[in-house]
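Subject: Structure for you to look at

Hi,

Here is the structure I promised to pass on. Please open it and keep it beside this email while you read.

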Amino acid sequence: MTTHKSSALRKAIRDRHSFFGNNPLVVKLLDDIDRVATKNTPILLDGETGTGKSLLARKIHDLSQRKGPFVSINCATFSQHLLETELFGHAKGAFTGAKDARKGLVATAQNGTLFLDEIGELPLDSQPKLLHLLEEKTIRPVGSDKEYDTSVRIVAATNKRLKDLVKQGLFRADLYYRLSVVPFTAPPLRDRPDDIEALTSTFVCQLCEEHELTSPHISTESINALQAYDWPGNIRELRNHIERSLLLSIPLHETLPAADTNSATTNKHCLKSLEKEHILKAINESKGNKSQAAKSLGISRRTLDRKLKRWDQKAA
Ligand SMILES: Nc1ncnc2c1ncn2[C@@H]1O[C@H](COP(=O)(O)OP(=O)(O)O)[C@@H](O)[C@H]1O
Ligand SMILES: [Mg+2]
């Protein structure tokens, strides 16, 4: 791994909250986002958990040139009633305990961006109210008979396929079509192994700074292992794995969970089987002397034993 840091990498280290990557899928995504960020259309971000949807929402706001704030709410964490009062506010005396009128997040995000995370969890009964906001650009606080004009950009994210929820009757089709005028997908980490090295160095730098640790050398063996793993928790899992390894001083290629063969990708299959083939060849060439084989492979004897044991277990 190179110690020279590209300027993009240095920028990413400075800016802890930037979504970055050089994989063609990511470059295209960022290009498309650039194109629509300043427009007022809603944006729907989908992608598995941990792929960076929240970061992307923030990025869209930063690029939007909107003067108001970025306000975010997770639709999964509120009951229907609470969610509606959070979003639209309420009038004085709207319900027991509503001593004063309170403005909601849509009003707080005025001239800015409202990020609706886990939009798939939006209760069915609340969905017409969001559709009304998107179409009429007005809101009516809970318990009020007045409508207020709004100017807010909606960015929504989901890790469920909204289309499937529509089919199951859990998500209104009209709202789905209104939200998905401009849909983007954050690619899973296993589809962008070429970004693993840069993401890893960024996280290692950030986390070493945060925990006041000296940055360790990251071996090619570690990068290869990180690229071969399929990361069901995506970038969040990668970051957490790096944090744990740094805190416990364990090389990055160790303690990776055993790959889940059911969700194996072609890419992982190739790298894994190439690795196995390569290692078995080295053992063969050293006439079964494992220490010598490990040496020729540039890995420790312990690592070699661990890999052989893992394959044995799988074969069993
Ligand atoms: N492209 C990226 N570049 C740098 N860090 C990223 C990127 N994508 C995600 N992360 C990091 O991964 C973690 C999960 O990102 P998040 O936006 O919360 O994912 P999601 O909302 O899709 O579950 C966060 O710690 C975030 O900082
Ligand atoms: Mg998120």
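E254 is buried, because its relative accessible area is 9% and the cut-off for buried is under 20%. Keep in mind that this is a predicted model. E254 sits in the loop between helix 11 (234-247) and helix 12 (266-285). What does the side chain of E254 make a polar contact with? The partner is the side chain of R302, at 3.5 Å. Leave aside the neighbours within four places in sequence, and E254 is in contact with H241, R302, T303 and R306.

Now the whole protein. The protein has 316 residues, and 46% of them count as buried. There are 14 helices and 7 strands. Take the contacts with a separation of 6 or more: 72% of them join residues 24 or more positions apart. The accessible surface comes to about 17000 Å². Carbon and sulfur atoms account for 51% of that surface.

Next, helix 10 (220-228). Of its 9 residues, 7 are buried, so helix 10 is largely enclosed by the rest of the structure. The buried ones are E221, S222, I223, A225, L226, Q227 and A228.

L213 is partly exposed, with a relative accessible area of 34%. Together with L247 and L248, L213 forms a nonpolar patch on the surface. The three share about 280 Å² of accessible area.

Then the ligand. How many residues surround ligand 1? The count is 17, and the closest are G50, G52, K53, S54 and R236. Look at the backbone too. A polar backbone atom of G50 is 2.8 Å from an oxygen atom of ligand 1. For T51, a polar backbone atom is 3.2 Å from an oxygen atom of the ligand. A backbone N or O atom of F20 lies 3.1 Å from a nitrogen atom of ligand 1. Taken alone, ligand 1 exposes 560 Å², and the protein buries 86% of that. Helix 3 (53-64), helix 9 and helix 11 each give two or more residues to the shell around ligand 1.

Last, the salt bridges. The count comes to 13.

- E48 and R190: the closest N and O atoms are 2.6 Å apart. E48 lies in the loop between strand 1 (43-46) and helix 3, and R190 in the loop between strand 7 (182-185) and helix 9, so the pair ties together parts that are 142 residues apart in sequence. E48 is partly exposed, at 29% relative accessible area.
- D32 and K28: the closest N and O atoms are 2.6 Å apart. Both residues lie in helix 2 (residues 24-36), 4 residues apart, about one turn of the helix. D32 counts as buried, at 19% relative accessibility. K28, D32 and R35 are linked in a network of salt bridges.
- D305 and R301: the side chains meet at 3.3 Å, N to O. Both lie in helix 14 (residues 301-315), again 4 residues apart. D305 is partly exposed at 30%, and R301 is partly exposed at 37%.

Why does a spacing of three or four places matter in a helix? An α-helix has 3.6 residues a turn, so residues three or four places apart point the same way.

Best wishes

Methods: Residues numbered from 1 in each chain as written. Chains lettered and ligands numbered in written order. Predicted model: local features only at pLDDT ≥ 70, side-chain atom pairs only at ≥ 80, totals over all residues. Heavy atoms only, no water. Buried < 20%, exposed > 50% of the residue type's maximum accessible area, 1.4 Å probe, protein only. Polar contact = N/O pair within 3.5 Å; in protein donor to acceptor, adjacent residues only side chain to side chain. Contact = heavy atoms within 4.5 Å. Patch = residues over 30% accessible without salt bridge, like charges linked within 9 Å, V, L, I, M, F, W, Y side chains within 5 Å. Areas by Shrake-Rupley, 256 points an atom, 1.4 Å probe, with all protein chains shown as cover. Salt bridge = Lys/Arg side-chain N within 4 Å of Asp/Glu carboxyl O. Near = heavy atom within 4 Å.
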